[in-house]
Amino acid sequence: MSKITLELKYPEQFVCEDELFFFRENIKSVHHILHEQKGPGKEETRWIGWPSEFLNSKGHKDLKEIAKRVKENADVFLVIGVGGSYLSSRAGFNFLCSSFHNQLPREERNGPQVFFAGSSLSSDYIKELYELLKDKNLYINVVSKSGTTLEPNIVFDIFKDHLEKKYGKKEAKNRIIVTTSSQKGPLYKLALKEGYDTLVIPEGMPGRYTVHTPVALFPFEIMGIDTEKVLEGAKDAETIYSEKDIEENPCYRYAALRNIFYKKGKTIELLASYDPSLELLGEWWKQLYGESEGKQKKGIFPVGASYTRDLHSLGQYVQEGRRDFFSTTIWVNRPDNRLNTLKGDKNYSGWEISDLNEIACEGTIKAHSMGDVPNIKIDVPEKSPYYFGMLTYFFMKACAMSAYLLGVNPFVQPGVEKYKQNIRESLGTGSPASSSSNSNDDQKESMFD
(Lines give C-alpha, C1' and ligand atoms only; values in the text may rest on other atoms or scores of the structure.)
Protein backbone atom coordinates (compact mmCIF):
# COMPACT_ATOMS: atom_id res chain seq x y z
CA MET A 1 0.00 0.00 0.00
CA SER A 2 1.39 3.41 -0.99
CA LYS A 3 1.93 6.11 1.63
CA ILE A 4 1.23 9.80 1.76
CA THR A 5 4.49 11.55 0.96
CA LEU A 6 6.00 14.97 1.43
CA GLU A 7 7.71 16.41 -1.63
CA LEU A 8 10.88 18.14 -0.47
CA LYS A 9 12.44 19.68 -3.57
CA TYR A 10 10.67 23.03 -3.14
CA PRO A 11 10.62 23.72 0.62
CA GLU A 12 14.21 22.75 1.21
CA GLN A 13 15.55 25.54 -0.98
CA PHE A 14 14.34 27.81 1.84
CA VAL A 15 15.71 25.66 4.68
CA CYS A 16 19.31 24.75 5.39
CA GLU A 17 20.29 21.42 6.92
CA ASP A 18 21.48 23.08 10.13
CA GLU A 19 17.98 24.41 10.79
CA LEU A 20 16.48 20.93 10.50
CA PHE A 21 19.29 19.52 12.65
CA PHE A 22 18.22 21.56 15.65
CA PHE A 23 14.63 20.40 15.27
CA ARG A 24 15.54 16.71 15.23
CA GLU A 25 16.22 16.40 18.96
CA ASN A 26 13.31 18.69 19.85
CA ILE A 27 10.96 16.49 17.85
CA LYS A 28 12.22 13.33 19.55
CA SER A 29 11.59 14.95 22.94
CA VAL A 30 8.13 16.17 21.98
CA HIS A 31 7.32 12.76 20.51
CA HIS A 32 7.95 11.12 23.89
CA ILE A 33 5.97 13.81 25.70
CA LEU A 34 3.04 13.26 23.32
CA HIS A 35 3.07 9.46 23.37
CA GLU A 36 3.77 9.13 27.09
CA GLN A 37 1.07 11.71 27.89
CA LYS A 38 3.32 14.05 29.83
CA GLY A 39 2.65 17.37 28.10
CA PRO A 40 0.04 20.10 28.51
CA GLY A 41 -3.38 18.72 27.61
CA LYS A 42 -2.15 15.16 28.16
CA GLU A 43 -5.66 14.05 29.14
CA GLU A 44 -6.86 14.93 25.61
CA THR A 45 -4.60 12.59 23.60
CA ARG A 46 -6.77 9.49 23.32
CA TRP A 47 -7.16 10.19 19.59
CA ILE A 48 -3.58 8.96 19.02
CA GLY A 49 -4.54 5.30 19.41
CA TRP A 50 -8.27 5.61 18.80
CA PRO A 51 -8.48 4.11 15.26
CA SER A 52 -7.00 0.81 16.50
CA GLU A 53 -9.26 0.91 19.55
CA PHE A 54 -12.46 1.55 17.62
CA LEU A 55 -12.01 -0.40 14.36
CA ASN A 56 -13.41 -3.76 15.52
CA SER A 57 -15.22 -2.53 18.62
CA LYS A 58 -18.83 -3.04 19.67
CA GLY A 59 -19.30 0.72 19.37
CA HIS A 60 -18.41 0.60 15.67
CA LYS A 61 -20.76 -2.34 15.07
CA ASP A 62 -23.61 -0.56 16.89
CA LEU A 63 -22.99 2.59 14.83
CA LYS A 64 -23.25 0.61 11.62
CA GLU A 65 -26.55 -0.99 12.71
CA ILE A 66 -28.19 2.34 13.49
CA ALA A 67 -26.86 3.82 10.24
CA LYS A 68 -28.25 0.89 8.23
CA ARG A 69 -31.75 1.56 9.58
CA VAL A 70 -31.54 5.28 8.81
CA LYS A 71 -30.05 4.73 5.38
CA GLU A 72 -32.82 2.30 4.39
CA ASN A 73 -35.67 4.49 5.61
CA ALA A 74 -34.65 8.13 5.18
CA ASP A 75 -35.09 10.17 2.03
CA VAL A 76 -33.19 13.05 3.64
CA PHE A 77 -30.53 12.98 6.36
CA LEU A 78 -29.66 16.21 8.18
CA VAL A 79 -26.43 16.61 10.18
CA ILE A 80 -26.69 19.38 12.77
CA GLY A 81 -23.43 20.62 14.28
CA VAL A 82 -20.74 23.27 14.22
CA GLY A 83 -16.93 23.24 14.26
CA GLY A 84 -15.43 19.84 14.96
CA SER A 85 -18.93 18.41 15.36
CA TYR A 86 -19.65 18.68 11.65
CA LEU A 87 -16.60 19.84 9.65
CA SER A 88 -15.05 16.36 9.48
CA SER A 89 -18.22 14.68 8.21
CA ARG A 90 -18.77 17.48 5.70
CA ALA A 91 -15.13 17.20 4.54
CA GLY A 92 -15.56 13.46 3.96
CA PHE A 93 -18.87 13.98 2.14
CA ASN A 94 -17.22 16.56 -0.12
CA PHE A 95 -14.10 14.46 -0.74
CA LEU A 96 -15.58 10.98 -1.15
CA CYS A 97 -19.10 11.42 -2.53
CA SER A 98 -20.17 12.75 -5.90
CA SER A 99 -20.08 16.54 -6.22
CA PHE A 100 -23.74 16.21 -7.22
CA HIS A 101 -24.76 13.55 -4.69
CA ASN A 102 -28.08 15.16 -3.78
CA GLN A 103 -29.06 15.62 -7.42
CA LEU A 104 -28.52 11.94 -8.31
CA PRO A 105 -31.42 9.45 -8.37
CA ARG A 106 -31.83 7.43 -5.17
CA GLU A 107 -30.52 4.23 -6.78
CA GLU A 108 -27.28 5.97 -7.77
CA ARG A 109 -26.85 7.66 -4.40
CA ASN A 110 -27.56 4.36 -2.64
CA GLY A 111 -28.89 6.36 0.28
CA PRO A 112 -30.64 9.57 1.32
CA GLN A 113 -29.87 13.13 0.34
CA VAL A 114 -27.53 14.73 2.88
CA PHE A 115 -27.70 18.27 4.23
CA PHE A 116 -25.84 20.16 6.96
CA ALA A 117 -27.01 22.86 9.38
CA GLY A 118 -26.14 24.37 12.74
CA SER A 119 -22.99 26.21 11.69
CA SER A 120 -24.53 29.69 11.46
CA LEU A 121 -27.26 31.94 12.82
CA SER A 122 -28.45 33.01 9.39
CA SER A 123 -32.25 33.09 9.56
CA ASP A 124 -32.39 33.03 5.74
CA TYR A 125 -30.41 29.78 5.54
CA ILE A 126 -32.35 28.11 8.34
CA LYS A 127 -35.73 29.12 6.93
CA GLU A 128 -34.84 28.08 3.38
CA LEU A 129 -33.57 24.72 4.61
CA TYR A 130 -36.70 24.20 6.69
CA GLU A 131 -38.94 24.95 3.71
CA LEU A 132 -36.94 22.54 1.57
CA LEU A 133 -37.06 19.67 4.06
CA LYS A 134 -40.38 20.06 5.88
CA ASP A 135 -42.29 17.73 3.53
CA LYS A 136 -39.47 15.20 3.18
CA ASN A 137 -39.04 11.86 4.91
CA LEU A 138 -36.45 13.25 7.31
CA TYR A 139 -33.99 11.84 9.88
CA ILE A 140 -31.58 14.04 11.83
CA ASN A 141 -28.26 13.57 13.62
CA VAL A 142 -27.45 16.31 16.13
CA VAL A 143 -23.77 16.35 17.06
CA SER A 144 -22.47 18.33 20.02
CA LYS A 145 -19.80 17.33 22.51
CA SER A 146 -20.90 19.79 25.18
CA GLY A 147 -24.57 19.96 24.26
CA THR A 148 -24.53 23.68 25.03
CA THR A 149 -23.48 25.26 21.73
CA LEU A 150 -25.89 27.96 20.59
CA GLU A 151 -26.03 27.46 16.80
CA PRO A 152 -26.76 23.71 16.64
CA ASN A 153 -29.09 23.93 19.65
CA ILE A 154 -31.31 26.45 17.87
CA VAL A 155 -31.49 24.41 14.64
CA PHE A 156 -32.07 21.20 16.59
CA ASP A 157 -34.97 22.81 18.47
CA ILE A 158 -36.59 23.80 15.18
CA PHE A 159 -36.31 20.39 13.50
CA LYS A 160 -37.10 18.43 16.67
CA ASP A 161 -40.29 20.45 17.02
CA HIS A 162 -41.09 19.85 13.34
CA LEU A 163 -40.63 16.08 13.59
CA GLU A 164 -42.76 15.85 16.73
CA LYS A 165 -45.59 17.78 15.12
CA LYS A 166 -45.42 15.87 11.86
CA TYR A 167 -44.97 12.32 13.20
CA GLY A 168 -45.84 12.51 16.90
CA LYS A 169 -43.28 12.13 19.69
CA LYS A 170 -43.14 8.33 19.50
CA GLU A 171 -42.15 8.23 15.84
CA ALA A 172 -40.04 11.41 16.06
CA LYS A 173 -37.72 9.80 18.59
CA ASN A 174 -36.90 7.07 16.05
CA ARG A 175 -35.80 9.78 13.60
CA ILE A 176 -33.40 11.61 15.93
CA ILE A 177 -29.89 10.30 16.59
CA VAL A 178 -27.76 12.14 19.13
CA THR A 179 -23.95 12.13 19.09
CA THR A 180 -22.58 13.60 22.31
CA SER A 181 -20.32 13.03 25.30
CA SER A 182 -20.91 9.96 27.41
CA GLN A 183 -23.21 10.21 30.44
CA LYS A 184 -23.04 13.95 30.94
CA GLY A 185 -24.22 17.21 29.49
CA PRO A 186 -27.69 18.46 28.62
CA LEU A 187 -27.87 16.76 25.22
CA TYR A 188 -27.08 13.36 26.72
CA LYS A 189 -29.70 13.91 29.42
CA LEU A 190 -32.28 14.93 26.81
CA ALA A 191 -31.50 11.83 24.71
CA LEU A 192 -31.88 9.62 27.78
CA LYS A 193 -35.19 11.26 28.69
CA GLU A 194 -36.66 11.07 25.17
CA GLY A 195 -35.26 7.66 24.24
CA TYR A 196 -33.15 8.77 21.26
CA ASP A 197 -30.45 6.48 19.83
CA THR A 198 -27.21 7.86 21.23
CA LEU A 199 -23.67 7.60 19.89
CA VAL A 200 -20.76 8.46 22.15
CA ILE A 201 -18.05 11.02 21.51
CA PRO A 202 -15.21 9.45 23.49
CA GLU A 203 -13.65 11.29 26.38
CA GLY A 204 -10.03 12.32 26.00
CA MET A 205 -10.07 14.21 22.72
CA PRO A 206 -11.10 17.72 21.66
CA GLY A 207 -13.85 18.07 19.06
CA ARG A 208 -11.48 18.90 16.23
CA TYR A 209 -9.64 15.60 16.82
CA THR A 210 -12.80 13.44 16.57
CA VAL A 211 -12.82 12.74 12.83
CA HIS A 212 -12.32 8.98 13.41
CA THR A 213 -15.16 8.72 15.95
CA PRO A 214 -18.96 8.52 15.51
CA VAL A 215 -18.92 12.28 14.92
CA ALA A 216 -17.97 11.63 11.29
CA LEU A 217 -18.21 7.85 10.96
CA PHE A 218 -21.97 7.69 11.56
CA PRO A 219 -22.80 10.18 8.76
CA PHE A 220 -20.21 8.44 6.57
CA GLU A 221 -22.07 5.12 6.87
CA ILE A 222 -25.29 6.79 5.73
CA MET A 223 -23.47 8.49 2.86
CA GLY A 224 -22.20 5.09 1.68
CA ILE A 225 -18.59 5.70 2.74
CA ASP A 226 -16.76 2.58 3.97
CA THR A 227 -15.91 3.44 7.59
CA GLU A 228 -13.79 0.33 8.04
CA LYS A 229 -11.51 1.62 5.28
CA VAL A 230 -11.39 5.08 6.91
CA LEU A 231 -10.35 3.50 10.20
CA GLU A 232 -7.86 1.17 8.50
CA GLY A 233 -6.17 4.18 6.88
CA ALA A 234 -6.04 5.97 10.21
CA LYS A 235 -4.83 2.81 11.98
CA ASP A 236 -1.97 2.39 9.50
CA ALA A 237 -1.18 6.08 10.02
CA GLU A 238 -0.81 5.38 13.75
CA THR A 239 2.12 3.10 12.92
CA ILE A 240 3.63 5.15 10.10
CA TYR A 241 3.59 8.41 12.08
CA SER A 242 4.77 6.89 15.37
CA GLU A 243 8.38 7.06 14.13
CA LYS A 244 10.24 9.66 16.21
CA ASP A 245 12.95 10.32 13.59
CA ILE A 246 12.13 13.35 11.44
CA GLU A 247 13.75 11.67 8.44
CA GLU A 248 11.32 8.76 8.63
CA ASN A 249 8.18 10.63 9.62
CA PRO A 250 6.76 13.02 6.99
CA CYS A 251 4.14 14.49 9.32
CA TYR A 252 6.87 15.50 11.81
CA ARG A 253 8.91 16.95 8.97
CA TYR A 254 5.85 18.97 7.93
CA ALA A 255 5.54 20.24 11.52
CA ALA A 256 9.23 21.19 11.57
CA LEU A 257 9.07 23.04 8.25
CA ARG A 258 6.03 25.00 9.39
CA ASN A 259 7.88 26.14 12.51
CA ILE A 260 11.05 27.03 10.58
CA PHE A 261 9.04 29.18 8.18
CA TYR A 262 7.21 30.76 11.13
CA LYS A 263 10.52 31.76 12.76
CA LYS A 264 11.44 33.42 9.46
CA GLY A 265 8.36 35.63 9.55
CA LYS A 266 6.06 33.42 7.47
CA THR A 267 3.08 33.73 9.79
CA ILE A 268 0.35 32.65 7.34
CA GLU A 269 -0.11 29.21 5.78
CA LEU A 270 -2.09 28.96 2.56
CA LEU A 271 -3.50 25.45 2.07
CA ALA A 272 -4.03 24.99 -1.66
CA SER A 273 -5.78 22.19 -3.52
CA TYR A 274 -6.52 21.53 -7.18
CA ASP A 275 -9.84 19.71 -6.81
CA PRO A 276 -13.08 21.25 -5.48
CA SER A 277 -13.64 18.04 -3.51
CA LEU A 278 -10.81 19.11 -1.17
CA GLU A 279 -12.22 22.54 -0.29
CA LEU A 280 -14.09 21.40 2.81
CA LEU A 281 -11.16 19.33 3.98
CA GLY A 282 -9.45 22.73 4.01
CA GLU A 283 -12.20 24.09 6.26
CA TRP A 284 -11.65 21.21 8.70
CA TRP A 285 -7.87 21.82 8.53
CA LYS A 286 -8.39 25.53 9.29
CA GLN A 287 -10.24 24.75 12.49
CA LEU A 288 -7.73 22.08 13.49
CA TYR A 289 -4.72 24.38 13.19
CA GLY A 290 -6.43 27.65 14.10
CA GLU A 291 -7.81 26.39 17.43
CA SER A 292 -4.76 24.28 18.25
CA GLU A 293 -2.04 26.89 17.63
CA GLY A 294 -3.70 30.30 17.90
CA LYS A 295 -3.09 31.25 21.53
CA GLN A 296 -0.66 33.23 23.71
CA LYS A 297 -0.33 35.72 20.81
CA LYS A 298 1.32 32.94 18.77
CA GLY A 299 0.41 30.73 15.83
CA ILE A 300 0.40 30.40 12.06
CA PHE A 301 -2.80 31.81 10.58
CA PRO A 302 -4.46 29.13 8.38
CA VAL A 303 -6.21 30.10 5.15
CA GLY A 304 -7.39 28.08 2.16
CA ALA A 305 -7.36 28.41 -1.62
CA SER A 306 -8.90 26.33 -4.39
CA TYR A 307 -6.79 26.30 -7.55
CA THR A 308 -6.91 26.81 -10.43
CA ARG A 309 -9.94 29.01 -9.64
CA ASP A 310 -8.16 31.20 -7.09
CA LEU A 311 -5.14 31.68 -9.33
CA HIS A 312 -7.43 34.05 -11.21
CA SER A 313 -8.19 36.04 -8.05
CA LEU A 314 -5.31 35.56 -5.59
CA GLY A 315 -2.59 34.56 -8.03
CA GLN A 316 -1.15 38.05 -8.43
CA TYR A 317 -1.01 38.62 -4.68
CA VAL A 318 0.58 35.24 -3.99
CA GLN A 319 3.21 35.90 -6.64
CA GLU A 320 4.12 39.49 -5.77
CA GLY A 321 2.31 40.59 -2.59
CA ARG A 322 3.60 40.61 0.99
CA ARG A 323 6.07 37.83 1.68
CA ASP A 324 4.68 36.81 5.07
CA PHE A 325 3.22 33.44 4.12
CA PHE A 326 4.07 30.00 2.81
CA SER A 327 1.95 27.51 0.87
CA THR A 328 1.05 23.86 1.40
CA THR A 329 -0.50 21.99 -1.53
CA ILE A 330 -2.56 18.81 -1.20
CA TRP A 331 -2.29 16.81 -4.40
CA VAL A 332 -4.25 13.61 -5.18
CA ASN A 333 -2.22 11.53 -7.62
CA ARG A 334 -4.93 9.41 -9.22
CA PRO A 335 -8.23 11.14 -9.94
CA ASP A 336 -11.39 9.03 -10.11
CA ASN A 337 -12.17 10.03 -13.68
CA ARG A 338 -10.00 10.37 -16.78
CA LEU A 339 -11.30 12.84 -19.33
CA ASN A 340 -9.65 13.99 -22.53
CA THR A 341 -9.92 17.46 -24.02
CA LEU A 342 -11.72 17.72 -27.33
CA LYS A 343 -9.90 18.00 -30.61
CA GLY A 344 -9.42 21.63 -31.36
CA ASP A 345 -6.85 24.09 -30.07
CA LYS A 346 -3.44 22.69 -30.96
CA ASN A 347 -2.02 23.73 -27.57
CA TYR A 348 -4.07 21.23 -25.56
CA SER A 349 -5.84 18.98 -28.09
CA GLY A 350 -6.10 15.39 -26.84
CA TRP A 351 -4.59 16.07 -23.41
CA GLU A 352 -6.13 14.42 -20.36
CA ILE A 353 -7.60 17.17 -18.18
CA SER A 354 -6.02 15.62 -15.09
CA ASP A 355 -2.60 15.95 -16.76
CA LEU A 356 -3.29 19.61 -17.51
CA ASN A 357 -4.25 20.08 -13.87
CA GLU A 358 -0.95 18.54 -12.77
CA ILE A 359 0.99 20.77 -15.15
CA ALA A 360 -0.84 23.77 -13.67
CA CYS A 361 0.06 22.60 -10.16
CA GLU A 362 3.74 22.12 -10.88
CA GLY A 363 3.98 25.38 -12.80
CA THR A 364 2.30 27.27 -9.98
CA ILE A 365 4.49 25.80 -7.23
CA LYS A 366 7.61 26.59 -9.26
CA ALA A 367 6.50 30.18 -9.94
CA HIS A 368 5.54 30.84 -6.33
CA SER A 369 8.79 29.34 -5.06
CA MET A 370 10.72 31.63 -7.40
CA GLY A 371 8.64 34.48 -5.97
CA ASP A 372 9.95 33.74 -2.44
CA VAL A 373 6.92 31.76 -1.27
CA PRO A 374 8.07 28.45 0.29
CA ASN A 375 5.95 25.54 -0.92
CA ILE A 376 5.27 22.19 0.73
CA LYS A 377 3.53 19.52 -1.35
CA ILE A 378 1.64 16.62 0.22
CA ASP A 379 1.04 13.79 -2.26
CA VAL A 380 -1.99 11.57 -1.58
CA PRO A 381 -2.00 8.35 -3.67
CA GLU A 382 -5.73 8.39 -4.45
CA LYS A 383 -9.14 9.68 -3.44
CA SER A 384 -10.49 6.92 -1.19
CA PRO A 385 -11.83 6.31 2.33
CA TYR A 386 -8.52 4.67 3.28
CA TYR A 387 -6.48 7.74 2.36
CA PHE A 388 -9.03 10.10 3.89
CA GLY A 389 -8.42 8.30 7.19
CA MET A 390 -4.67 8.45 6.72
CA LEU A 391 -4.56 12.10 5.62
CA THR A 392 -6.71 13.37 8.49
CA TYR A 393 -4.54 11.45 10.97
CA PHE A 394 -1.44 12.92 9.29
CA PHE A 395 -2.73 16.45 9.86
CA MET A 396 -3.81 15.81 13.47
CA LYS A 397 -0.46 14.28 14.46
CA ALA A 398 1.48 17.03 12.69
CA CYS A 399 -0.71 19.65 14.36
CA ALA A 400 -0.08 18.31 17.85
CA MET A 401 3.67 18.20 17.17
CA SER A 402 3.71 21.67 15.59
CA ALA A 403 1.81 23.26 18.49
CA TYR A 404 4.10 21.71 21.09
CA LEU A 405 7.14 22.95 19.13
CA LEU A 406 5.52 26.38 19.17
CA GLY A 407 5.16 26.16 22.95
CA VAL A 408 1.36 26.02 23.23
CA ASN A 409 -1.17 23.43 24.40
CA PRO A 410 -2.80 22.03 21.22
CA PHE A 411 -5.85 20.65 23.02
CA VAL A 412 -7.49 23.69 24.64
CA GLN A 413 -9.34 26.64 23.11
CA PRO A 414 -9.90 29.20 25.89
CA GLY A 415 -10.44 32.05 23.44
CA VAL A 416 -13.54 30.40 21.99
CA GLU A 417 -15.25 30.68 25.37
CA LYS A 418 -14.89 34.49 25.43
CA TYR A 419 -17.46 35.22 22.74
CA LYS A 420 -19.74 32.47 24.01
CA GLN A 421 -19.83 34.09 27.45
CA ASN A 422 -20.59 37.49 25.91
CA ILE A 423 -23.52 35.96 24.00
CA ARG A 424 -24.85 34.30 27.15
CA GLU A 425 -24.63 37.58 29.06
CA SER A 426 -26.46 39.42 26.28
CA LEU A 427 -29.18 36.77 26.31
CA GLY A 428 -29.42 37.08 30.07
CA THR A 429 -28.72 33.41 30.71
CA GLY A 430 -25.30 33.79 32.28
CA SER A 431 -24.66 30.08 31.87
CA PRO A 432 -24.25 27.68 28.93
CA ALA A 433 -27.80 26.38 28.96
CA SER A 434 -29.49 24.70 26.03
CA SER A 435 -33.10 25.45 25.25
CA SER A 436 -33.37 21.87 23.97
CA SER A 437 -32.40 20.41 27.30
CA ASN A 438 -34.32 22.78 29.58
CA SER A 439 -37.67 23.15 27.85
CA ASN A 440 -40.61 21.23 29.25
CA ASP A 441 -43.10 22.78 26.87
CA ASP A 442 -44.01 20.05 24.42
CA GLN A 443 -46.76 22.18 22.93
CA LYS A 444 -44.63 25.14 21.76
CA GLU A 445 -45.33 26.49 18.30
CA SER A 446 -42.76 26.30 15.54
CA MET A 447 -41.08 29.64 14.89
CA PHE A 448 -42.05 29.13 11.23
CA ASP A 449 -45.76 28.64 11.87
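**Sheet and rings**

Analyst: The open sheet has 5 strands in the order β1-β10-β9-β7-β8, with mixed pairing. Strands are DSSP E runs of at least two residues and helices H or I runs of at least four, numbered from the N terminus; two strands pair if DSSP finds at least two bridges between them.

User: Which strands stand at the edges?

Analyst: β1 (5-7) and β8 (301-306); each has a single partner strand, so one side of each lacks a neighbour in the sheet. On average, neighbouring strands of this sheet are turned by 25 degrees against each other, direction ignored. Axes are lines fitted to C-alpha atoms, for helices over the stretch in contact, and angles run from 0 to 180 degrees between N-to-C directions.

User: What kind of model is it, and how are residues numbered?

Analyst: It is a predicted model, where local features need pLDDT of at least 70 and side-chain atom pairs count only at pLDDT 80 or more, while totals for chains, interfaces and linings use all residues. Residues are numbered from 1 along each chain as its sequence is written, and side-chain values use heavy atoms, leaving out hydrogens and water.

User: Back to β9. How many of its residues are buried?

Analyst: 8 of the 10 in β9 (residues 325-334), so the strand is largely enclosed by the rest of the structure. Buried means under 20% relative accessible area, exposed over 50%, partly exposed in between (1.4 Å probe, protein chains only).

User: How many bridges does β9 make to β7, and how many to β10?

Analyst: β9 pairs with β7 (residues 268-273) over 6 bridges, in the parallel sense. With β10 (residues 375-382) there are 7 bridges, and these two strands also run parallel. Thr328 is the β9 partner of Leu271, and its bridge partner in β10 is Ile376.

User: Which strands does α16 lie across?

Analyst: Helix α16 (residues 385-406) lies across β1, β7, β9 and β10, at about 155 degrees to β10.

User: Now the rings. How many aromatic pairs?

Analyst: There are 25. Rings of Phe, Tyr and Trp (its six-membered ring) pair if their centres lie within 6.5 Å; planes under 30 degrees apart are stacked, over 60 edge-to-face, the rest tilted. Phe93 and Phe116 have ring centres 5.7 Å apart and planes at 55 degrees, so that pair is tilted.

User: Where do Phe93 and Phe116 lie?

Analyst: Phe93 is in helix α4 (residues 87-96) and Phe116 in strand β3 (residues 113-117), so the pair ties together parts 23 residues apart in sequence. Phe93 is buried at 13% relative accessibility, and Phe116 is buried at 5%.

Key: Contact = heavy atoms within 4.5 Å.
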